[in-house]
Amino acid sequence: MTVRVPLGERSYDITIENGALDRAGELLGSYAARGRFIVVTDRNIVPNQLYRLETSLTAAGIASAVEVLPAGESTKSWAMLERLTDALLNYGVERSDTIIALGGGVIGDLVGFAASILKRGCRFVQVPTTLLAQVDSSVGGKTAINSKAGKNLVGAFYQPVHVLIDPTTLDTLPPRELRAGYAEVIKYGLIDDADFFAWCETHGADLLAGIPEARAVAITKSVGAKARIVGEDERETSGRRALLNLGHTFGHALEAETGFSDRLLHGEAVAAGMALAFRFSAAQGLCPLEDAQRVSALIKKASLPASLQAAGIDASGAKLVGHMLHDKKMEGGRLPFLLARGIGETFLDKQVDLAAVAAFLEAERTTSI
């Protein structure tokens, strides 16, 4: 299946196909300037997926150089950006070359940002191998690294020329990583598609169990929703794309509290963040309590954290709000929040009282879900 991201001259296709990685040479061959690709991946991807890609490229007569980076969120750093750009320059990369980002969201974000600044812009292809990257981070052109001040504060909007999604790469994904990606799938139902949220309530377990039909529905539905929203608001200027950040303002604060470490994966933080956003909305009288309870129940059913306690967070509400103040979406001293009037009815609120958020989070310290 092919989904088109409609961005005028920067439009590109997303190919979703079981076994696509084994046909990468055929599917991506038109991007192989000078008959080669430069592949960037991480150590966790090498044993299971790199061989499949290299074999396919070799069969198509396409040469490839490979740069392998450490795995984990800490790779999204200044140090690794410098290491990667130096390595790419040593490979003699030219603007007509294409860099392939083979891996999860960390690799995709880092490679995309490196491509955006290297020689003022090189082409790159996203080949996401985790559920989170397949349904979210590989699509839309957000690229970034983390800094001491916070997550994704240094980056650029820079679109890939193609996204190649092979659901079979999920066969070797650790269960925890799969669950973390599922949080982003749930998000699309909560934004503006209550029917899809209900589908997750019924079929989410099938997705996590690796049922191909459930995978296909979840990935295609999520990618289609994101492509549509990105096409409407590529750079978050109208506020439409901001809806994709549901759960992220709360979630990034939790990640900051854990030092952006593997103590709390990004998808786990987003899961907790979405549950918190709905409970805060209910506490403010915006959302039915029953809807907030459904959200928390689905998240908990997937063995994802739906509370601060479940996420291993015991920081004060004031401290967590302090982390939020470094959010890149701060504008005029105010922080926009994604809140909800109900499942499938997310909206952007730029007038949220941070003192109320701090008090809510303080009360949440004793909430066990």
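Buried means under 20% relative accessible area, exposed over 50%, and partly exposed in between, using a 1.4 Å probe and protein chains only. Helices (H or I, at least four residues) and strands (E, at least two) are DSSP runs, numbered from the N terminus. This is a predicted model: local features need pLDDT of at least 70, side-chain atom pairs count only at pLDDT 80 or more, and totals for chains, interfaces and linings use all residues. Residues are numbered from 1 along each chain as its sequence is written, and side-chain values use heavy atoms, with hydrogens and water left out.

View A. One side carries Arg36, Ile38, Val40 and Asp42. The other carries Phe37, Val39 and Thr41. Both faces are covered.

**View B. E3 beside strand E4 (residues 63–69).** The two strands run parallel, joined by seven bridges. Two strands pair if DSSP finds at least two bridges between them. Asp42 stands opposite Leu69 of E4. Between E3 and E4 the chain passes through helix H2 (residues 46–59), in a right-handed β-α-β crossover. Right-handed means that, with the strands pointing away from the viewer, the path from the first strand over the helix to the second runs clockwise.

**View C. E3 beside strand E5 (residues 98–103).** Three bridges pair these strands, again in the parallel sense. Ile38 faces Ile99 of E5 as its opposite residue.

**View D. Asp136 in helix H5 (residues 131–137).** Asp136 counts as buried because its relative accessibility is 8%. Leaving aside neighbours within four places in sequence, Asp136 is in contact (heavy atoms within 4.5 Å) with Glu184, Lys187, Tyr188 and Lys226.
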